[in-house]
Amino acid sequence: MTILRGREQRTAFTAAVDVVVVGSGAGGAIVARELARAGRSVIVLEEGGDHPREVYSKLSPSHAMRTMAREAGLAVAVGLGDTPLISVMAGKCVGGSSVLTGGVCFRIPDDVVHEWSTTLGLGAITPESLAPYFEQIERDLSVAVVPDYMRSRSTELFVEGAERLGVAMKPLRRNTSGCKGAARCNFGCPNGAKMSVDISVLPEARENGAVVIADALVENVDIERGVARGVRGRFLSEEGEPGARFEVRASVVVLACGSLHTPILLRRSGISGGGHVGRHMTLHPGFRIGALFDERVDGWDGAMQSVYSDHFADEGLTLVGIYTAPSVLAAAFPGVGREHRRLVANMPNLAFFGAMIHDDGGGQVRRWLSREPLVTYRMSARDRSRMWRGVEILGELAFAAGAREVLLPIFGAQPIKSREELRALVASPPPAKKVECMSFHPLGTAKMSADPSRGVVRESGETWAVSNLFVADGSVLPTSIGVNSQLPIMAMAQRIARGIADEMDLLRRRAA
């Protein structure tokens, strides 16, 4: 069955199914597939458009962001106090953010899960209980180690620098099959090699009867006598303007709109979760440095991401190799006029590497003037220290690898040329708000909890406030996890979907 496009719908639409899933990304796609496999009727409603692989694979990076990212890739978390303005990338298309990720796949670290099961009282969430879900998703998505030969010279140089400093680097795992090293993963793989859910999960869900509807903005969850009964909303035109109305009645409603929009929909539907909805957001604030070498690097020739280091995990830092589209990198180069042109001309000799912070939950999502939320974030003093420590580490790796200049992620700062300059800057850093910062992993805004006073959803993913209403995306993760979130979201969604499938008869009786 083809994907239905709401932009082509001119009249009101109604349907009745067992399960309606709001959102088609990493969480929603997994839930839809699992419940369709179980023989349940499923409709998936996606606010974004349907852009098939054969279309997005031909888009330029800037066109891909305008077409498939929320706010054309310009969404931000507004920094409060001495906090950077943080770019927040999220997908708005069939397949969601999985279409725009680097494909990196980590399991949730055992120490994080242990904290959930003990300190937070989520006793059923353990490394052992999650392992089967991780294993299945990894098989389904062809998750494998990136081979050494896929490393770009940019990555190799930072690995060499790390070796000289005694910092262990490890190969990443990604959900790819037949990767050709185009270094363009986060704009939609041009070769169809990334096993994003539009390629690896949704087709099977549709083969088993699930219906995917694009351009469908859900505005409210219908709740009667404390039980979710379905959703209502409007179809969107190609320009994003609301048109014909739709209503889907369902025994079970699953929200998988992501950490930015699930809390907005919950609030619009009258659910505050005791004040927890929209709060506790973690972002894994990330930053990168550039390093100018005498040799030609051609960092775009190889996997966009192929190595990482957890050497500094005890300091709350994960180092991750990164090299994205040159046009995107060049836009952030320091200087104007002649100095900026000098760096752009030296692009073939520039290498890049990044880091991200295992952060506190300093973010909040609120309804705002438009459909997009107001996202704010206050970085803790501890995380500011971690950020500057990360800048120092990345700079040290670059100089150890032989870099003659290092481009720091500080707006207005000129390249530095020695370790002494680097250490002096870190010893007396500028305001944190001057740091160029980004996030790809917003989490925690409808967090799981052991009792209703501490969160929004139960261990099953069902909301404390409303029966038959589930959440299955990154917003349920109760703390920062310190690693890329795609695989953890999928595993948690698989666990939640299995629970729904097992309890479906009871859920249907409640909804009757």
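## A buried tyrosine and its partner

Let's start with Tyr-308, which is buried at a relative accessible area of 13% (buried means under 20% relative accessible area, with a 1.4 Å probe and protein chains only). Phe-106 is buried as well, with a relative accessible area of 10%. This is a predicted model, in which local features need pLDDT of at least 70 and side-chain atom pairs count only at pLDDT 80 or more, while totals for chains, interfaces and linings use all residues. Residues are numbered from 1 along each chain as its sequence is written, and side-chain values use heavy atoms, leaving out hydrogens and water.

## How the rings meet

Rings of Phe, Tyr and Trp (its six-membered ring) pair if their centres lie within 6.5 Å, and planes over 60 degrees apart count as edge-to-face. The count by this rule is 7 aromatic pairs. One of them joins Phe-106 and Tyr-308: the ring centres are 4.8 Å apart and the planes stand at 90°, so the pair is edge-to-face.

Phe-106 sits in the loop between strand 5 (86-88) and helix 4 (110-117), and Tyr-308 in strand 14 (residues 307-309), so their pairing ties together parts 202 residues apart in sequence. Helices (H or I, at least four residues) and strands (E, at least two) are DSSP runs, numbered from the N terminus.

## A second pair and a cluster

Tyr-323 and Phe-352 have ring centres 5.6 Å apart and planes at 75°, so this pair is edge-to-face. Tyr-323 belongs to the loop between strand 15 (317-321) and helix 10 (326-331), and Phe-352 to strand 16 (residues 350-357), 29 residues apart. Tyr-323 is buried at 1% relative accessibility, and Phe-352 is buried at 5%.

Ring pairs also link Trp-300, Tyr-323, Phe-333 and Phe-352 into a cluster.

Definitions and conventions: Phe/Tyr/Trp six-rings, centres within 6.5 Å; stacked < 30°, edge-to-face > 60°. Buried < 20%, exposed > 50% of the residue type's maximum accessible area, 1.4 Å probe, protein only.
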